[in-house]
Amino acid sequence: MTAPSLPRQEQQMLWLLAAVQFTHLLDFMIVMPLGPEFIRLFGISAAQFGALVSAYTLASATMGVLGVFWLDRFDRKRTLLMLYAGFIAATFACGVAQGYLWLLLARTLAGACAGLASAVVMAIIGDMVPPERRGRAIGTVLASHGLSAVAGVPLGLGLATAWGWRSPFWAICSLAAGVWLLLLRILPPINRHLTESRDAVRQDSLASVWTRHLALGWVLTFSVVFASFLLIPYLGTFMVGNLGLRLGELPWVYLFGGVATFFSARGIGQLTDRHGPALVLASLLVGTMVPHLLFTHLPVSPLPVVIAAFALFMALTSGRAIPTMALVSSRVPPALRGRYLAVNMAASDGASGLGAWVSGLMITAAPNGALSGFDVVGWVAVAMSACALGILWTLSRRTASLSAAPT
């Protein structure tokens, strides 16, 4: 049985939502290669630059939790347009920043708006796409992760080199403004959640979001993302310090990794629709154990070998988000979906930050740049994937307390 194709109008909507995800992921990634420039211009330390990067995800996580109080009370199109406009304004503020504190505050606001906008994007997919096509729809939107990985670092460096460090932010603003206008014109009103399920779930009842069954979805998301971000932040350093790559070869590695992620996302989405999100996620959790151990134990290797190992790692690891999101979003009624997914996004952001911090405690860098202990972190990532399997099994066995509500 083949997965049903996406209707044309649905595809247009999904590509627009993917563009929203792409611009905010690009905005997040584009700061990283500008670190040396910010340190020089603003006279800040490496720790202060780290705060500049982490402010984005921390604000996203915080606003995700706060979004539980209001995110389902309005038309989702209006909510997305409002949050996306805030993101555009904050990114413009980054481009005109006159000092470190200004830039830090602008990055915080951008992260806060982007995190909530991502939750609304996933809630729109849950509301507008039937369950039998939802995996492929999520795969289409999350394919933007691969594109941002390919474009983020080269675009940031290229624009900054040609026209200064402010130009990448202005470029993102221009692109996002065009997407905003298309959303305004093409996206229909999305307000079914304002009338459906009110008898079953009162919108002002926060307790219904915090049931034990629904909380298991957040725990599953946290464990899946935590296992990935034990490794992802240090892959570039590991490839240069341990695998013998030159710094100039890294863009090629990330290019192929991003391309692999882009194409695998669509395929994993189709598999999710065909076989169900639980089975696909379980297969990916087991399947990623091999590339996690392979990559973290890889000796000094030629560039093609590293590219192949990295592409396999990224294609499978990033693909786990697709069945995870399809599974957790299907367990929530429309009247609670926006708020639930906002907290789910906060769990994802918190897991990424905590995973990077925990693995940092386990890794030491030698004077020559080699990382010691990264192989042990690989085993920890495998153990966390096994824990995620257990959580998935528990979640799959539980009957949804709101199963009668439409999904």
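Start by selecting residues 289-296, helix H12, together with residues 374-397, helix H16; in this predicted model their axes come within 8 Å and cross at roughly 170 degrees. Angles over 145 degrees count as roughly antiparallel, and H12 and H16 are therefore roughly antiparallel to each other. To see the contact, show the side of H12 formed by Met289, His292, Leu293 and Thr296. On H16, the contact residues include Phe374, Trp379, Val382 and Leu389. By class, this contact of H12 with H16 holds 8 nonpolar, 4 polar and 1 charged residues.

Next, select helix H1 (residues 8-29) and helix H7 (residues 167-186). Their axes come within 10 Å, with a crossing of roughly 160 degrees, so H1 and H7 are also roughly antiparallel to each other. The crossing of H1 past H7 is left-handed. From H1, display Leu16, Ala19, Val20, Phe22, Thr23, Leu26 and Asp27; among the H7 residues they meet are Phe169, Leu175, Val179 and Ile186. The contact of H1 with H7 divides into 13 nonpolar, 1 polar and 1 charged residues.

Now turn to the largest nonpolar core, which has 76 residues. Which of them touch the most other members? Select Leu17, Phe38, Leu80, Phe87, Ile125 and Leu183. Helix H5, residues 100-128, gives the most to this core, at 16 residues.

Centre the view on Phe38. Leaving aside neighbours within four places in sequence, Phe38 is in contact with Val31, Gly43, Ile44, Phe49, Leu52, Leu103, Trp165 and Phe169.

Last, select Leu243, Leu245, Phe310 and Phe313, which are among the 27 residues of a second, separate core.

Key. Residues are numbered from 1 along each chain as its sequence is written. This is a predicted model: local features need pLDDT of at least 70, side-chain atom pairs count only at pLDDT 80 or more; totals for chains, interfaces and linings use all residues. Side-chain values use heavy atoms; hydrogens and water are left out. Axes are lines fitted to C-alpha atoms, for helices over the stretch in contact, and angles run from 0 to 180 degrees between N-to-C directions. Helices (H or I, at least four residues) and strands (E, at least two) are DSSP runs, numbered from the N terminus. Angles under 35 degrees count as roughly parallel, over 145 as roughly antiparallel, 65 to 115 as roughly perpendicular and the rest as oblique. Contact means heavy atoms within 4.5 Å. Ala, Val, Leu, Ile, Met, Phe, Trp, Tyr, Cys and Pro count as nonpolar, Asp, Glu, Lys and Arg as charged, and the others, Gly among them, as polar. A crossing is left-handed if the near helix is turned anticlockwise from the far one by less than a right angle, and right-handed if clockwise. A nonpolar core is a set of buried Ala, Val, Leu, Ile, Met, Phe, Trp, Tyr and Cys residues joined through side-chain atoms within 4.5 Å. Buried means under 20% relative accessible area, exposed over 50%, partly exposed in between (1.4 Å probe, protein chains only).
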